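Please look over the model below before reading the points that follow. They are short notes for someone new to it.

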Amino acid sequence: MSSDPTLESSDLEGVEKLHQAYEQLKQEVNRVIIGQQQVVEELMISLLAGGHCLLVGVPGLAKTLIVHTLADTLNLSFNRVQFTPDLMPADITGTDVIQEDKSTGNRDFKFLAGPVFSNVVLADEINRTPPKTQAALLEAMQEHQVTAGGRKHKLPVPFFVLATQNPIEQEGTYPLPEAQLDRFMFEVKVDYPSEEEEFAIVQQTTSDDSYTVKKVLELEELLSFQSLVRKVPVADHIIRYAMQFARMTRISQGDSLNSNDIPDFIREFVSWGAGPRASQNLILGAKARAILHGRMYVSTDDVRAVAHPVLRHRIITNFNAEAEGMTPNKIVDRLIELISVDSSQEKLDGRLPQVFRSADAR
């Protein structure tokens, strides 16, 4: 096993409490949101792991409502920012204004906090605003603080950014650079509902029924659960298994990975692969998923469950992939089929790296 701290009895109770709260949370969200179970789970995993999410889906799929409902059930403050081409950094971070003390006549600067000072911030259509404003939000995501007038202002804890993008309309947009996309833990794909789900949506939203969700967790409880994620132990072979998803996407890996270990479809369709942050997020996401499901250990199933949202925005495909219809999601599917999940499978293909070798055999 890895060197993670030993879990105490209180931690075991915390995992069980989180599992029960998560089941209750799903019930509350289902009263407002029809379907989208996987989206809700991935958002919760990212929140528990302390990451940020990029939501990609066409208009009308209730992305804003999902985020707002989740914030309400977790008793978190929520702000929504509509990103536009004329939005300035100060419009989201806040700015210093001159304020006069009427009793003394003295004037001084006072910081007026922007909408980024909230537990949950929905950055709607982040690719609609110029890079200068995008960078201001991404700096707040990374540093958890805002600098104005030479003074630093701490953001509330927890701080969770969900940015949306419309995959259809790209005219007049400012696509996020790959380095900035890498700062999002997950890219969550919001799909169309099934026929029965759409029927239920139309039936519910065209009636006069309304429902106010109940609070499931308090802020202090959520912070303790975020700390608990880091304590979940992970076996060495699980870490090595997760690493292969990122390392196999890198065409140029140097001496640390034999060039023969790079799959042919990666060489053919990928121009740039995932970095070490992907490996970190795979493990953190797998830990969060494990305790959401009431388990004290991480399995390869947890890693595979978070592989798509972690990797789909970090794998940059080339022209060949576009011509052949090979998307990052399909590439992750093929990696899941290729990478062995136990030592018996590993022996069947000599090209696969030594995922299950012990830590002492380095």
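1. Helix α1 passes helix α2 in a right-handed crossing, the term for a near helix turned clockwise from the far one by less than a right angle. Helices here are DSSP runs of H or I with at least four residues, strands are runs of E with at least two, and both are numbered from the N terminus.

2. The contact (heavy atoms within 4.5 Å) involves Leu18, Tyr22, Leu25, Lys26, Val29 and Asn30 on α1, and Gln37, Val40, Glu41, Met44 and Leu48 on α2.

3. This is a predicted model, where local features need pLDDT of at least 70, side-chain atom pairs count only at pLDDT 80 or more, and totals for chains, interfaces and linings use all residues. Residues are numbered from 1 along each chain as its sequence is written, and side-chain values use heavy atoms, leaving out hydrogens and water.

4. Asn30 belongs to helix α1. Its relative accessible area is 33%, so Asn30 counts as partly exposed (buried is under 20%, exposed over 50%, partly exposed in between, with a 1.4 Å probe and protein chains only).

5. The chain as a whole has 15 helices and 11 strands. Buried residues make up 49% of its 362 residues. Among contacts in the chain with a separation of 6 or more, 77% come from residues 24 or more positions apart.
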